[in-house]
Amino acid sequence: MALKSIRQAINEALFQEMRRDPRVVVIGEDVAGGAATAGERDCAGGVFGTTKGLIAEFGEGRVIDTPITESAIMGAAAGAAVAGLRPVAELMFCDFLGVCFDQIFNQAAKFRYMFGGKAKTPLVIRTTIGAGRGSAAQHSQSLYHIFTSIPGLKCVVPSNAYDAKGLLISAIRDDDPVVFCEHKLMYDLQTEVPDEPYRIPFGEASVVREGDDVTIVALSRMVHYSLEAALALAREGIECEIIDPRTTSPLDEETILESLERTGRLLVVDEATPRCGLAVDIAALAADKAFAALKAPPKRVTAPFTPVPFAPSLEKLYIPSPERIAAAVREVVGYRR
Amino acid sequence: MSGPITALTMPKWGLVMSEGKIVSWKKRQGESFAAGEEILEIETTKITNVMEMPQAGHLRRILAAEGATLPVGALLAVIAPENASDTEIDAFVAGFAAPEAAAESASVAAPAPQMVEVGGRRLSYLELGEGEGTPLLFLHGFGADLNSWMFVQPALAVARRTIALDLPGHGGSAKELGKGDAAEMAEAALGALEALGVAHVHLAGHSLGGGVAAFLACRRPEKVKSLSLLASAGLGPEINAAFTEGFIRASRRREAQEALSLLVHDPALLSRRMVEDVLRYKRLDGVERALEQVAEAWFGGGRQRLDLRDEIAALNLPVQVIWGREDRIIPLAHAEALQGKLPVHILEGAGHLPHMERAEATAGLLEAFASV
Amino acid sequence: MQLSRDTLLKAYRQMSTIRHFEERVQEEFAKGGIPGFVHLYAGEEASAVGTCLHLSAEDHIASTHRGHGHSIAKGCDVERMMLEIFGKKEGLCAGKGGSMHIADLGQGMLGANGIVGGAPPLAVGAALAAKTLGNGSVAVAFTGDGGSSQGTTFEALNLAVVLQLPAIFIFENNEDGESTGWRYAVGSGDIAARVRGFGLPSVKIDGDDFFAVYEAAGEAVARARRGEGPSAIEVETVRFFGHHSGDPQRYRSREDVLKLREERDCIKKFRLRVTAAGLLERAELDAIDRENAALIERAVARARAAPPPEDAALLTDVYLAY
Ligand SMILES: Cc1ncc(C[n+]2csc(CCOP(=O)(O)OP(=O)(O)O)c2C)c(N)n1
């Protein structure tokens, strides 16, 4: 099976779904690029290259470059979705949620329920998350917890190319609005990815590593940092189980709880800020539904409660590191009442 | 000191194994073991297997803790005579060639499946080995793929060319099917052999693949040197429909786990990875439909449609039957009914997957058959 | 319009500072050491300088991701800007903001901005403060051709008109927004005319011509100071570099890019005009260039050598209890 990067996996999923279903359209800023310029059309293919090549096969009618106009992009995609298309709208950086939130959370997310179950809103919003590129406070956030907190939205946060392709195809075939969060530093990360289209169901976590001493729940880039920490810890005789929920809404509570029944110890690792986020949510899940199994208080490793700093040294401190994860695991494992 | 100090290292079972997890030691440090005795349980990416010691010895020091995941070649324990001193053991451990080297050799690219086009259909196969012997073709069971032979194919490949085929609708082969019945599958297998320049072949088929192999042998006996049927279809009407239906329906880990656990004598042996591999296959577009077609063609109404018992008995070539004592998919009775007519080997400690649960024993039986 | 010798010298000095700054940042970025990405303003200097020469520190501007030029024209310290771009402790924002967030409230610089369309509402707010406080100051929003289509921009324009605020909207039409041509993204094909529809005076001027910018901005600022409400100016300009440092610019033709510096250089045109008219000597302009080169050299040397923020700075400047 071929190794493919997350970028390739996403691109392939888009190609395959657009071939399969003429209602699938891609819309966003610079998704092709070069419109009304003297240079090449499709010179961008999305600022991260994920939509490259689509316009040559599907044309301007289905690969739609827009002005810089996020509210209208999101709203138009939501409107088109209820009117018969299956748009994949791109929000270049999740930080730009700020200028289009209404169309996502008051409109798209609410249609199905608010209209008494009559509406289908097969909309995918692809967006990017993550710090680590020196992009500072307005281009580095991980805001999936905001999407997760909104009834009516589904939220996908893949950590590898195999998951990215299968989850994106599921998202496109889903009849509810789905926000698909891609980490900017992981686009080149490769895994084996089948050439055929396939679907990964939402709400099914992936157990990335098995271990009996502590359960680490991590998303996106933090899955890899947790694995790094787990390798170091294994040398100390601590075996970590690492669970990647893959979708934060719906969340696979069962896999987390089952693991906790065995390990009795929980660490949640999250690149997002600490308040009202996934780490709190999952820690609360443990307290609520696995209290009897817990041998230590659930612990969280998150970004600090600050915006993302610019200076590389500060940004490095900002992002949870394998060392911080390992230290937290030692603390959880060493806990005595 | 009598006898050498030797290393017990993480074995490489099958081609893709790069690491294994110590599930449990069946002997304690300081204990002796006899030849053929089970000493250790190791979980691989597919299934948990036991490590049997080829000769008697003394387990002087255990270095790998239960639960640890280690690369192929890593030092697990030291085998040494009782009178070897601790200092000698220490020196041996300290001087043991770094597992880096072993890990490196383990990561040498495993042979990859290839594609062959037969009648406009892409079929995937894994070819291993070369030699004088007549080539051997492996045909897997319902919903499985060529990887199910990973524990036996390398052993058989020592003396001959071996080909493990993904049947139509399965593994890396095209998912589009006609009827998905034995005739279609046998034709595909025959086409693959022709394309690969194989004139005569030993056949080993498991479950549905056994049915295909038997069908092929009955229709084209001149091509077939021998036929090994493992927990095979086509030998009686009964089949556990709970498995086939559950397998088709399963889209989540829990459901898949439930269905797959029927395959093995001890569900604890199933690794999460094996379940995940099955799900990865089942998630592909077209697979569910292909499986439904195959199930309908082979087991529609919960009964096997193919019955080759009489034809097999009349075959003028060597045929053997291998079955797990605790098979919960196709009843052992199908094998027992053939006792007296054909060589029938019933393996203890195996369910429906003798080639995985009792890989060494199965490989031995296949080798004995393929080398005549 | 007759400009004093001092004003002309000041204008040249600022444009030259911006040009030297940006050319050098481009070089330094390629060498490594500047984190993230930078959007360079070279080619557009007349717009920032022609506008900001009418402003004092009491007036506010709100800028874009391409904000170095606006910051320099508004009086930000060049060395501390460079320190900021390098992510250093003594940077204008203590190394926490970087190129895209340079701000100096003491100079009335409300910040470069990572959000396209982020600036216009903020400038409207500053204009509202000016009007409410009655201090006679004005506020300027810089926006690109791309940003001119953002909803926040439209809302800000309308609000400024409704409240009759002392706000000036400068639309720097440098032809491309990332890789998308303005003729595609601006549906009506005319930014200035579209803005006029909101009910404010709006002109289109040649941004290569410093004097045109200076004159139009002067009128707009004066109108605002007189309490006659907002105005807008579309400045037709170009950026010499790509969208950001390292942009392969395949949306432009190579010939076009090469011609830009020949044909569309606002600083060159300024020099020609003032020397031809005998207003300034070539030698004094060259001297300014040399001073700027030395200034930037110092700034880079200092920025490279300077210490990063202390680790503790991660947790300061935010109300924080966790
Ligand atoms: C709300 C928002 N959408 C998109 C972007 C990404 N982006 C940054 S600059 C830019 C192009 C801006 O074009 P324009 O306004 O013409 O300014 P220029 O870069 O040409 O100076 C885009 C799309 C952003 N930063 N903010």
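Modeller: Let's start at the ligand. A backbone N or O atom of C:D176 lies 2.8 Å from an oxygen atom of the ligand. That is a polar contact, meaning a pair of N or O atoms within 3.5 Å; within protein, one must be able to donate a hydrogen and the other to accept it, and residues adjacent in sequence count only if both atoms are side-chain atoms. Taken alone, the ligand exposes 570 Å², and the protein buries 97% of that. Those areas come from the Shrake-Rupley method with a 1.4 Å probe; for residues, only the protein chains shown count as cover.

Biologist: What kind of model is this, and how are things numbered?

Modeller: This is a predicted model: local features need pLDDT of at least 70, side-chain atom pairs count only at pLDDT 80 or more, and totals for chains, interfaces and linings use all residues. Residues are numbered from 1 along each chain as its sequence is written, chains are lettered from A and ligands numbered from 1 in the order in which they are written, and side-chain values use heavy atoms, with hydrogens and water left out.

Biologist: Back to the ligand. Which side chains have an N or O atom 2.5 Å or 2.7 Å from it?

Modeller: The side chain of A:E70 has an N or O atom 2.5 Å from a nitrogen of the ligand. For C:H65, the side-chain distance is 2.7 Å, to an oxygen of the ligand.

Biologist: How many residues surround the ligand?

Modeller: 22 do, each with a heavy atom within 4 Å. The closest are A:E70, C:H65, C:R66, C:G114 and C:G146. The site is shared between chains, because residues from chains A and C surround the ligand.

Biologist: New topic. Which chains share the most contacts?

Modeller: Chains A and C, of the 2 pairs of chains in contact. Contact means heavy atoms within 4.5 Å. There, 44 residues of chain A touch 48 of chain C. The two bury about 3,400 Å² between them, 64% of it on carbon and sulfur atoms. Buried area is the accessible area (1.4 Å probe) that two parts lose on being put together, summed over both. On chain A's side, A:I68, A:F305 and A:F310 supply 19% of the area buried against chain C, more than any other three residues.

Biologist: How many salt bridges there?

Modeller: The count is 1. A:E40 pairs with C:R250, with the closest N and O atoms 3.5 Å apart. A salt bridge is a side-chain nitrogen of Lys or Arg within 4 Å of a carboxyl oxygen of Asp or Glu.

Biologist: And how many between B and A?

Modeller: The rule finds 5. In one of them, B:R272 meets A:E210, the closest N and O atoms being 3.2 Å apart. Chains B and A bury about 1,700 Å² between them, 33% of it on carbon and sulfur atoms. B:R272, B:R283 and B:D285 lose the most area on chain B's side, together 35% of what that side buries.

Biologist: How far apart are B and C?

Modeller: Their closest C-alpha atoms lie 35 Å apart, and no contact joins them.

Biologist: Where does pLDDT stay under 50 in chain B?

Modeller: Over residues 101-107. pLDDT is the predictor's confidence in each residue, from 0 to 100. Where it is low, the predicted coordinates should not be read in detail. Chain B still has a mean pLDDT of 91.
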